[in-house]
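This report goes through one protein model, element by element. The sequence and the coordinates are shown first.

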Amino acid sequence: MNKLLNHIFKDWTLEEFTGLLFALIALIAAPALIAAIGLIGYTIATGNDQPKQTTIQKIETTGDIKRFCVEIKTGDHIDAIDCELIDPVTGGVAK
């Protein structure tokens, strides 16, 4: 194999090897650059339509019992709800 390569490239100069190396790099870099530009363009064209996350705090009353509730939503989906009783004497959250 080494003899074959020596025979093929025996008349080549440094400029020819540099040209071949540049051609190979350009052959790999050009499609990668085109793909990156296309991906960025696709991302910009489709937009970023992700739903917003909201936090809602409210006091719910059922009869004499009051609860402080925190609700975290992403769009219409409820991610988490946490409710704690409110102490009727102090007005703070009961422990």
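## Basis

The structure is a predicted model. Residue numbers start from 1 along each chain as its sequence is written.

Helix α2 covers residues 14-46. Just after α2 comes glycine 47, with a positive phi of about 80 degrees.

A nonpolar patch on the surface consists of Trp12, Phe17, Leu20, Leu24, Leu27 and Ile28. Together these residues have about 600 Å² of accessible area. Phenylalanine 17, one of the patch residues, is located in α2.

## The three-stranded sheet

Three strands make up an open sheet, ordered β1-β2-β3, with antiparallel pairing. Strands β1 (53-62) and β3 are the edge strands, each pairing on one side only. From one strand to the next, the twist averages 20 degrees. In general, the strands of a sheet pair through backbone hydrogen bonds, in either a parallel or an antiparallel sense.

β1 and β2 run antiparallel and are joined by 10 bridges. Threonine 61 is found opposite lysine 66 in β2. The hairpin of β1 and β2 has two residues between the strands, and there glycine 63 takes a positive phi near 65 degrees.

## The pairing of β2 with β3

Strand β2 (residues 65-74) pairs with strand β3 (residues 77-85) over eight bridges, in the antiparallel sense. Several positions show how the two strands line up. Cysteine 69 lies opposite cysteine 83 in β3, and glutamate 71 lies opposite isoleucine 81 in β3. For threonine 74, the bridge partner in β3 is histidine 77.

β2 and β3 also form a hairpin, with two residues between them. In this turn, glycine 75 has a positive phi of about 65 degrees.

## Salt bridges

How many salt bridges does a search of the whole structure find? The search finds three. Lys58, Glu60, Arg67 and Glu71 are linked by salt bridges in a network.

Lysine 58 and glutamate 60 meet through their side chains in a salt bridge, at 4.0 Å from N to O. Glutamate 60 forms a salt bridge with arginine 67 as well, and the closest N and O atoms of that pair are 2.9 Å apart. The side chain of glutamate 71 meets that of lysine 58 in a salt bridge at 3.7 Å, N to O. This pair links distant parts of the chain: glutamate 71 is in strand β2 and lysine 58 is in strand β1, 13 residues apart.

## Accessibility within the network

Which members of the network are buried, and which are partly exposed? The cut-off for buried is under 20% relative accessible area. Glutamate 71 has 11% relative accessibility and therefore counts as buried. Lysine 58, its partner in a salt bridge, is partly exposed, with a relative accessible area of 35%.

Glutamate 60 counts as partly exposed because its relative accessibility is 28%. Arginine 67 is partly exposed too, with a relative accessible area of 29%.

## A contact after the sheet

Valine 93 is located in the segment after β3. Its relative accessible area is 39%, so valine 93 is partly exposed. Where the chain is concerned, valine 93 and phenylalanine 68 are 25 residues apart in sequence, while their C-alpha atoms are 7.4 Å apart in space.

Terms used
Predicted model: local features only at pLDDT ≥ 70, side-chain atom pairs only at ≥ 80, totals over all residues. Heavy atoms only, no water. Pairing = 2+ DSSP bridges. Helix = DSSP H or I, 4+ residues; strand = E, 2+ residues; numbered from the N terminus. Axes fitted to C-alpha atoms, helices over the stretch in contact; angles between N-to-C directions. Patch = residues over 30% accessible without salt bridge, like charges linked within 9 Å, V, L, I, M, F, W, Y side chains within 5 Å. Areas by Shrake-Rupley, 256 points an atom, 1.4 Å probe, with all protein chains shown as cover. Buried < 20%, exposed > 50% of the residue type's maximum accessible area, 1.4 Å probe, protein only.
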